[in-house]
Amino acid sequence: MPRVNDDFRGAARAAADLVADYLDAVPDRPVWQPMDPAERAALLDLPLPEHGTDLAGLLETVERRIMPHPMGNGNPRFFGWVNSAPQPAGVLATLAASAMNPSSAGGDHADVHLERAVVRWIAELVGFPHPPGGGILTSGTSMATIVCLAAARGRAARKAGWDVREDGLAGMPPLVGYVTGEAHSCVRKAAELLGLGSKHLRTVASDADGHLVLDALEAAIAEDRAAGRLPFLVVASAGTVGTGAVDPFGPIADLAEREGLWFHVDGAYGAFGVLDPAIAHRYAGMDRADSLALDPHKWLGVPVDCGCALVRDAEELRGTFSLVPSYLRDDAAGDLGWFSEYGTEQTRPFRSLKVWASIAHRGRSGVARDVAHCTAQARQLGEWIEQDPELELVAPVETSIVAFRHRPAGLDEAGLQKLNSLLPVAVQQRGKVFVTGAVYRGREVLRACLLNAATTEADLRLLLDEVKSAGAELLDRCRTSN
C-alpha cells in the first residue's frame, strides 16, 4: 500500500469539517423528510463507474447526495423506534478503527484486548456477572440473541443426552421456550434459525402493564412436560419495545432455577436503565440470568453496529461455537482462545474502539446522567399526556418509552384506531418531530422513545402539539370511516 499522500490528508481534513458541520446543523434541520423522487432515483440507478473518482470528488458526492437525506435519529426531536444519536467520540473512533481494519477474531493485537475490556465495562455498567471470556460484541442484539439461545439449546440437549452439534435436533423431543406477546421479534427469528421452530416458542400471558405472569408460565411448563416436550428457556425483557415494560426478574429467576430453564434477558434497549437510581429497583434479579443480550448502539449511543452477548458461563458459549481448523491454530492464544470460538463470526470488525470511546468520553457517571435524563423526561411526558383530555397514556412509563393515543372528541373506537394508525406517518412528514406507532393489546398507539440526552422539554411539548395538529387534519378521514 503506498504512503498516505497529500490528497488523502486534505480529504481527511475536509471530511472532518463536513462531519462536524453536519452534526452541528442537525438540531436546526427538519428531523426527516421524504426524499425527492429524482434524488432517490439517482442513488438507485447509480452506474458502475469505468474510471475512478478522486477523493475530493467522492466527498462532494457524499455532501450533495447522501448527507442531506438522513434517517433523522441524530436529531433531539427524533422519538422513533429505538435509534439513538451517535456519540461524537464514537464517530471519531470509527475512523481510527477503519484505518487499522483488523479482524477481531483473535491474535495478539490491540482490538482483541480492548474488546475484552469493554465487554467487562458493559457488564459492570449493568451489574451482570462477568467471568473471563463471558461476553462478545456482535452486530446487534438480534445476533447476540442467536448466540445466547444457541448456548441454551446446547446445554438443554446435553442434559437430555444429545449432542446437538454432532447429531442436530432430529429425533429429539421438542425443546420449548417461553416468551410474552411483547417479546422482540429477534427471539422468534433466533428460535427459527436454530431449528427450534416458532411453534415451540410459546407465548405466555402478560398482565395489564405488559409483564410476564408467573402462574401462566408455570402452567405452560407443566403442560409441556406432561406432553413429553422439554422446557428449556424463558426470555424476559429489560424494557419491551412497545412500552418499555421491565419483567419481574427475581421471581422469573427463581422459577427458572426450580425448573432447570435457561433464563435469558432481552436487554437490547432497556438494560442500561439500571443506571438510573429512580428506576434501578425494576432490574432486581437481572444479574441472575444465564445470559443477557443488549445493544451499546442504542442507549449508549455507540455508532451502529454494536450489540453484546453476556453469559454467566463462558464455557457454554465456547462449547457451542468453538471450531479451530489447523490454519487458524494459535498456540499463543492463551486460555480464552479466540473470539471466533464464542460466536458465529470469523472475520469480525473492530467494534470495541467506538464502544471504548463512547463510554470513556463520559465515564460511568456521564452515561448514568444521560440515562437518567431520558427516563425523567419520559416520566414528564407521561404526566403531560395524562393531563391532556385529548391524549391517553396506554401503559405506565417504566423506562424511557411512552406509549399513548390521540383521543379527540367525537370519534368512536374504529375511528380512533384509524386515526392513531395514520398519525405516525402524518407527523413524520411534517418534519418537526419523528414518532412511530405500534399495536399494543390490539390498539393502535403512538410510541415515543427517548434516548437523546440533548432532548429538551420544549421538544416534548412540540411532539404533543404536532400529534394533535396532525390529528386535527386527519379527523374528517377518520369520521368518514365510521
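1. In this predicted model, strands β9 (residues 401–406) and β11 (residues 443–449) run antiparallel and are joined by four bridges.

2. Strands β9 and β11 belong to an open sheet of four strands, in the order β8-β9-β11-β10, with antiparallel pairing. Strands β8 (391–393) and β10 (436–440) form the edges, and each of them pairs on one side only. From one strand to the next, the twist averages 45 degrees. As background, the strands of a sheet pair through backbone hydrogen bonds, either parallel or antiparallel.

3. Now to a helix. Thr320 lies in helix α11, which covers residues 314–321. Is Thr320 buried or exposed? Its relative accessible area is 13%; buried means under 20%, so Thr320 counts as buried.

4. The largest nonpolar core has 88 residues. Within this core, Phe263, Phe272 and Leu310 touch the most other members. Another core, of 34 residues, lies apart from it; among its residues are Ala144, Ala191, Leu194 and Leu317. In soluble globular proteins, nonpolar side chains tend to be buried together.

How values were computed: Residues are numbered from 1 along each chain as its sequence is written. This is a predicted model: local features need pLDDT of at least 70, side-chain atom pairs count only at pLDDT 80 or more; totals for chains, interfaces and linings use all residues. Side-chain values use heavy atoms; hydrogens and water are left out. Helices (H or I, at least four residues) and strands (E, at least two) are DSSP runs, numbered from the N terminus. Buried means under 20% relative accessible area, exposed over 50%, partly exposed in between (1.4 Å probe, protein chains only). A nonpolar core is a set of buried Ala, Val, Leu, Ile, Met, Phe, Trp, Tyr and Cys residues joined through side-chain atoms within 4.5 Å. Two strands pair if DSSP finds at least two bridges between them. Axes are lines fitted to C-alpha atoms, for helices over the stretch in contact, and angles run from 0 to 180 degrees between N-to-C directions.
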